[in-house]
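Okay, thanks everyone, let's get going. Have a look at the screen, and I'll talk you through this one.

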Amino acid sequence: MKQRNDSYQQLAAIAKKHYNDRNMCTVIATAKVCKVSYGKAYNACRRNGRKTRHGARSNIYFMAMLDLGFLARNIESDLIGRTIGTAERQLPSKGSYLIHVRGHVAAYTDGKLHDWTSAEQTGKPRRHRITHIHEVKPTNQP
């Protein structure tokens with residue numbers, strides 16, 4: 001499967017223009033950590049119960065990731081309760097992670113946060129409190 005590396009802005013523009021979608025943080029996060037196109041992530045989430053223009057519970061996009069050949073594993077971290085801006089500075093520079101805050105999820109891959117909450121997007125680090133962090137790996141890796 002061809003690996004994609006679209007930016008957050010490109011994925012959001014595709015969602016709005018071609019899929020008339022909103023509340024798509026889960027689909028964009030899935031696309032980023034699985035390195036697939038927005039369409040593949042959108043269809044995988046839809047097959048697992050996500051409705052267009054509605055957010056999705058974590059079990060929906062975890063199942064979509066399994067369909068795409070990836071597994072999300074909850075990690076224990078001292079970043080729980082800290083802010084997204086802190087995670088952006090302290091998470092490892094290699095690997096793929098999902099950062100969960102109340103009502104939202106962001107993708108962090110290879111040292112970069114891919115979301116509207118990133119310091120790069122807003123000019124300053126966001127202060128949303130982290131509730132969970134999941135590490136995402138291909139299913140054929142330990």
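Predicted model: local features only at pLDDT ≥ 70, side-chain atom pairs only at ≥ 80, totals over all residues.

Now zoom out. So what's the strand order? It goes β1-β5-β2-β3-β4, five strands in an open sheet, with antiparallel pairing. At the edges you have β1 (70–74) and β4, each with a single partner strand, so one side of each has no neighbour in the sheet. From one strand to the next, the twist averages 30 degrees.

If you roll a probe the size of a water molecule over the atoms, you see where empty space is left. The largest pocket comes out at a volume of about 280 Å³. It has 15 lining residues, and the closest to the centre are Cys25, Thr26, Ala56, Gly103 and His104. Which elements give two or more residues to that lining? They are α2 (25–34), α4 (58–67), β2 (96–101) and β3 (104–109). By class, the lining has six nonpolar residues, eight polar and one charged.

The second largest pocket has a volume of about 210 Å³. There, 17 residues make up the lining, with Asn5, Asp6, Lys32, Lys112 and His114 nearest the centre. At least two lining residues come from each of α1 (8–19), β4 (112–114) and α6 (119–122). And which element gives the most? That's β4, with three residues. For the class breakdown, this lining has two nonpolar, seven polar and eight charged residues.

Okay, aromatics. A pair of rings is described by the distance of the centres and the angle of the planes. Searching the whole structure gives five aromatic pairs. The one I'd like on screen is tyrosine 38 with tyrosine 42: the centres are 6.1 Å apart and the planes sit at 25 degrees, so the pair is stacked, given that planes under 30 degrees apart count as stacked. Both tyrosines sit in helix α3 (residues 38–47), and because they are four residues apart there, about one helical turn separates them.

Last thing, backbone. Most residues other than glycine have a negative phi. So which residues here go the other way? Asparagine 20 is one, with a positive phi near 50 degrees. Asparagine 23 is another, with a positive phi near 55 degrees. As for where they are, asparagine 20 is in the loop between α1 and α2, and asparagine 23 is in the loop between α1 and α2 as well.

That's what I had, so over to you for questions.

Definitions and conventions
Residues numbered from 1 in each chain as written. Heavy atoms only, no water. 1 Å grid on protein atoms, 1.4 Å probe; cavity = no way out; pocket = protein on both sides within 12 Å on 5 of 7 lines; lining within 4 Å. Points joined across faces, edges and corners; volume = space filled by probe spheres on them. Nonpolar A, V, L, I, M, F, W, Y, C, P; charged D, E, K, R; others polar. Pairing = 2+ DSSP bridges. Axes fitted to C-alpha atoms, helices over the stretch in contact; angles between N-to-C directions. Phe/Tyr/Trp six-rings, centres within 6.5 Å; stacked < 30°, edge-to-face > 60°.
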